[in-house]
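Q: Let us read one model together. Where do we start with packed helices?

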Amino acid sequence: MLAEKKERVIMGIDPGTSIMGYGVVLEKGSKIELITMGIVRMDHMDDHFLKLQRIFEKTILLLDEFKPDVLALEAPFYGKNIQVMLKLGRAQGVAMAAALSRNIPIAEYAPRKIKQSITGNGNTSKEQVAAMLQRLLNFKETPEFLDATDGLAVAVCHSFQRVSTSGAGKSYSGWEAFAKDNKKRLKQ
């Protein structure tokens, strides 16, 4: 079995077309340290395509600056307004494209999963998530926008999953392929 890296940098992004939140943590064994968090504002822009360009360019800059081992994204899984979902999906896709252009693995989490992993409850408020992150990562400042702590929460959620980014995990096309590679694990 391959030895897992002792440290890894995880970037989390809460994609949005008005404000994109991001957070970066350093995972050292079972400990997590805050590197940075912030927002990218686009609420002053009217053109949706210019917003997407800004998301892509800013994500590239963040990836190049912090060199994360993985990018974790909040995925827009449901919504009542299809136009809002379409715009959020595009924002998420542009952030994914930025990571893919740098060969950085991507993980996605549902909003409920993120909240549950941080607070133990999938129905908590953004304020409760931010307060728990302050305690977990020992920072005092309250960000101007909760989008920053939302992005940070995605990174912390990914860390809590202890998902490997070494590439040692293998995906299979079906049960037969898995069984063929894992004969010792099967009961005869």
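A: α1 passes α2 in a right-handed crossing. A crossing is right-handed if the near helix is turned clockwise from the far one by less than a right angle, and left-handed if anticlockwise. Helices are DSSP runs (H or I, at least four residues), numbered from the N terminus. This is a predicted model: local features need pLDDT of at least 70, side-chain atom pairs count only at pLDDT 80 or more, and totals for chains, interfaces and linings use all residues. Residues are numbered from 1 along each chain as its sequence is written, and side-chain values use heavy atoms, leaving out hydrogens and water.

Q: How is the packing of α1 and α2 described?

A: Two packed helices are described by the angle between their axes and the distance between the axes. Here α1 (residues 48–66) and α2 pack at about 35°, with axes 9 Å apart. Axes are lines fitted to C-alpha atoms over the stretch in contact, and angles run from 0 to 180 degrees between N-to-C directions.

Q: Which residues make the contact?

A: Contact means heavy atoms within 4.5 Å. Among them are Leu 52, Phe 56 and Leu 63 of α1, and Ala 91, Val 94 and Ala 98 of α2. The contact divides into 11 nonpolar, three polar and two charged residues. Ala, Val, Leu, Ile, Met, Phe, Trp, Tyr, Cys and Pro count as nonpolar, Asp, Glu, Lys and Arg as charged, and the others, Gly among them, as polar.

Technical notes: Helices (H or I, at least four residues) and strands (E, at least two) are DSSP runs, numbered from the N terminus.
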